[in-house]
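Have the sequence and the 3D view open side by side as you read.

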Amino acid sequence: MIQFYYHPSPNPAKIALFLEEAGLPYELVPVDTRKGEQFKPEFLAINPNAKTPALTDGDVAIFDSNAILLYLAEKTGQFLPENTPKARGEMLSWLMFVATGIGPYCGQAVHFSRFAPEKIPYAINRYAREAERHWGILDAQLGKHRYMLGDAYTLIDMSVWGWATRAQFALGDEAFGKLPNVKRHLDEISARPAAQRATALKDKFAFKTEFDDEARKFLFPQNAHLVA
Ligand SMILES: N[C@@H](CCC(=O)N[C@@H](CS)C(=O)NCC(=O)O)C(=O)O
């Protein structure tokens with residue numbers, strides 16, 4: 001039985017969607033990152049990076065959302081493009097683009113605009129503009145095709161969906177005005193029954209919602225030495 005280490009945030013959402021789409025049986029294991037559960041030794045043994053999502057499958061332990069998506073797609077043979085060098089090249093390019101562009105730049109855009117104790121215009125501008133630029137590239141791709149790789153719904157669409165659900169939080173309420181194709185793609189996927197089940201997982205546990213000093217200590221441990 002797969003064990004899925006979960007927190008209701010964008011990267012775990014991708015895996016929730018895949019598991020629900022594929023109909024794979026799994027046990028949901030909550031990791032309340034605002035309470036520091038990502039630093040428990042038993043979780044670090046699965047993900048030394050101390051972040052969600054992670055997954056175990058028998059003797060397999062795998063972390064990083066896009067690696068997990070590829071693992072599950074290869075395991076099930078589902079939501080993959082055709083097995084040609086051209087199609088695999090495109091798939092890997094977009095998978096890494098979401099992993100290294102969309103996720104980190106959205107994360108830092110949110111951090112500097114909403115959570116950083118000092119409002120630093122240079123950092124806010126740098127990450128907001130780069131996040132917008134990355135989303136613009138996805139919007140252009142989705143302007144050419146219904147889905148990221150063409151006519152078929154694949155793991156890349158799931159990877160994009162995880163972050164598209166939070167695009168307005170990262171880029172501001174007006175974000176979709178400039179991203180009509182991303183919005184159309186988000187709405188279509190969010191209406192799928194599997195996406196609704198994936199979204200509902202957050203209600204299975206009482207995750208901490210307060211963003212208090214304890215949460216800040218666990219989410220931003222690198223700042224401990226800055227506090228007077
Ligand atoms: N590259 C990782 C990033 C994982 C990540 O940043 N996860 C966030 C939730 S979306 C998290 O667990 N944050 C808690 C923390 O940073 O302590 C992935 O794609 O899985």
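Predicted model: local features only at pLDDT ≥ 70, side-chain atom pairs only at ≥ 80, totals over all residues.

## Strand pairing

Residue numbers start from 1 along each chain as its sequence is written. Helices (H or I, at least four residues) and strands (E, at least two) are DSSP runs, numbered from the N terminus; two strands pair if DSSP finds at least two bridges between them.

**The sheet, strand by strand**

- S1 (residues 2–6) and S2 (residues 26–30) run parallel and are joined by five bridges.
- Gln 3 has Glu 27 as its bridge partner in S2.
- Together with H1, strands S1 and S2 make a right-handed β-α-β unit; right-handed says that, with the strands pointing away from the viewer, the path from the first strand over the helix to the second runs clockwise.
- S1 also runs antiparallel to S3 (residues 54–57), with four bridges between them.
- S3 in turn is antiparallel to S4 (residues 60–63), again through four bridges.

**Turns and backbone details**

- Two residues lie between S3 and S4 in their hairpin, and Gly 58 in the turn has a positive phi of about 65°.
- Most residues other than glycine have a negative phi, and most peptide bonds are trans.
- Asp 64 has a positive phi, near 85°, and is not a glycine; Asp 64 sits in the loop between S4 and H3.
- The peptide bond joining Thr 52 and Pro 53 is cis, with omega about 10°.
- Pro 53 belongs to the loop between helix H2 (41–44) and S3.

**Around the ligand**

- The ligand is surrounded by 15 residues, counted as near if the C-beta atom, placed from the backbone, lies within 6 Å.
- The closest are Ser 9, Asn 11, Thr 33, Lys 51 and Ser 65.
- At least two residues of this shell come from each of helix H1 (10–22) and helix H3 (65–76).
- The shell has nine polar, four nonpolar and two charged residues. Here Ala, Val, Leu, Ile, Met, Phe, Trp, Tyr, Cys and Pro count as nonpolar, Asp, Glu, Lys and Arg as charged, and the others, Gly among them, as polar.

**Two domains and their contact**

- An automatic or database domain assignment divides the protein chain into domain 1 (2–78 + 197–211) and domain 2 (85–193).
- The centres of the two domains, taken over C-alpha atoms, are 20 Å apart.
- Twelve residues of domain 1 are in contact with 13 residues of domain 2, where contact has C-beta atoms, placed from the backbone, within 7 Å.
- On the side of domain 1 that touches domain 2, H1 and H3 are the elements that give two or more residues, and H1 has the largest share with six.
- That side of domain 1 divides into seven nonpolar, three polar and two charged residues.

**What UniProt lists**

- An unreviewed UniProt entry lists "domain: GST N-terminal" for residues 1–80; such annotations may be inferred rather than shown by experiment.
- Residues 1–80 are 36% helix and 22% strand, with end C-alpha atoms 22 Å apart.
- The unreviewed entry's "domain: GST C-terminal" covers residues 84–211.
- Residues 84–211 are 70% helix and 0% strand, with end C-alpha atoms 46 Å apart.

Definitions and conventions: Contact = placed C-beta atoms within 7 Å.
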